[in-house]
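User: I would like to go through the labels given to some features of this model and see how each one is reached. Please set each value against its cut-off.

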Amino acid sequence: MSIQSLIEADRKHLIHPVINYRAHESRGVTVLESADGAFLRDAKGRARPRALSLI
Amino acid sequence: MTVAKGLTSGYAPMGAVLMSDAVYQGIADGDPVASVGHGHTYSARPVSAAIGLEVVRLYHELVADKDSKQAFDASLKLPDRIAAAAYKNRLVFRAFGDNISGFAPALSYTAAEFDLLFERLERTLDNVLAEPEVRAALRAKDGVKGSIKGGVAA
């Protein structure tokens, strides 16, 4: 699936913790592509350490 | 609606909350800026999600018509027929009232024992399918006399 179709599927079917639903609908989800240890990498290649288990 | 367990056939922890669009819209319209302050604590677990996807791929339905997914009429008492045929074929599983057959083989099952399970299950379903009332229920759906279109999937 393409990043855009994943964002659309998420918008259509999923809710996420600690969000405003309408804001999430307009912004869309950040798609994560991979992980290495505590670091998550998004589809644009940006990595950040995960310090919240619920995402 | 809260759901769990069967999402991964019980092999990995997974739970979910399902809501209708009416409920979703009600929450979404509740406050234009505030976040809904619930947390899932642990979510987006790739192993459980992968098992969940595989479970969905493996689930099959017992339907009277495979194209329309039309269910068998309750008056047919299909679960009773399946349970009776399974007993005769020396196979133990759960034939639920809503035409779902449940299997929870022991983790020690060998490949040979799975072969035996599927052999007896196939015979069980074939026996049920051969019953005149069940055949009639299929014919009534597709209107093709003597043809078993759709039918029972194992």
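**Labels and their cut-offs**

Analyst: B:Val17 has a relative accessibility of 54% and counts as exposed. The model is a predicted one.

User: Why is B:Val17 called exposed?

Analyst: Exposed means over 50% relative accessible area. B:Val17 is at 54%, so the label applies. B:Val17 belongs to strand β2 of chain B, residues 15-17. On the surface, B:Val17 forms a nonpolar patch with B:Met19, B:Val23 and B:Ile27, and together these residues have about 300 Å² of accessible area.

User: What makes B:Tyr109 and B:Phe114 an edge-to-face pair?

Analyst: A pair of rings is described by the distance of the centres and the angle of the planes. Centres must lie within 6.5 Å, and planes over 60 degrees apart count as edge-to-face. For B:Tyr109 and B:Phe114 the centres are 4.8 Å apart and the planes are at 65 degrees, so both conditions hold.

User: Why is the pair B:Phe114 and B:Phe118 called stacked?

Analyst: The planes of B:Phe114 and B:Phe118 are at 20 degrees, with the ring centres 6.2 Å apart. Stacked requires planes under 30 degrees apart and centres within 6.5 Å, so this pair qualifies. Both residues lie in helix α4 of chain B (residues 111-129), four residues apart, about one turn of the helix. Ring pairs link B:Tyr109, B:Phe114 and B:Phe118 into a cluster. Over all chains, the count of aromatic pairs is four.

User: How do you know whether B:Tyr109, B:Phe114 and B:Phe118 are buried, exposed or partly exposed?

Analyst: Under 20% is buried and over 50% is exposed, with partly exposed in between. B:Tyr109 has a relative accessible area of 29%, B:Phe114 is at 30% and B:Phe118 is at 49%. Each value falls in between, so each residue is partly exposed.

User: What makes the contact between B:Asp29 and A:Arg22 a salt bridge?

Analyst: The closest N and O atoms of B:Asp29 and A:Arg22 are 2.6 Å apart. The cut-off is 4 Å, so the pair counts as a salt bridge. Across the interface of chain A and chain B, one salt bridge is found.

User: How large is the area buried between chain A and chain B?

Analyst: The buried area is about 1400 Å², and carbon and sulfur atoms give 50% of it. A:Asn20, A:Tyr21 and A:Arg22 supply 42% of what chain A buries against chain B, more than any other three residues. In terms of contacts, 13 residues of chain A meet 20 residues of chain B.

Conventions:
Residues are numbered from 1 along each chain as its sequence is written. Chains are lettered from A and ligands numbered from 1 in the order in which they are written. This is a predicted model: local features need pLDDT of at least 70, side-chain atom pairs count only at pLDDT 80 or more; totals for chains, interfaces and linings use all residues. Side-chain values use heavy atoms; hydrogens and water are left out. Rings of Phe, Tyr and Trp (its six-membered ring) pair if their centres lie within 6.5 Å; planes under 30 degrees apart count as stacked, over 60 as edge-to-face and the rest as tilted. Buried means under 20% relative accessible area, exposed over 50%, partly exposed in between (1.4 Å probe, protein chains only). Helices (H or I, at least four residues) and strands (E, at least two) are DSSP runs, numbered from the N terminus. Patches are made of residues with over 30% relative accessible area and no salt bridge: like charges are joined within 9 Å, nonpolar side chains (Val, Leu, Ile, Met, Phe, Trp, Tyr) within 5 Å. Accessible areas come from the Shrake-Rupley method with a 1.4 Å probe; for residues, only the protein chains shown count as cover. A salt bridge is a side-chain nitrogen of Lys or Arg within 4 Å of a carboxyl oxygen of Asp or Glu. Contact means heavy atoms within 4.5 Å. Buried area is the accessible area (1.4 Å probe) that two parts lose on being put together, summed over both.
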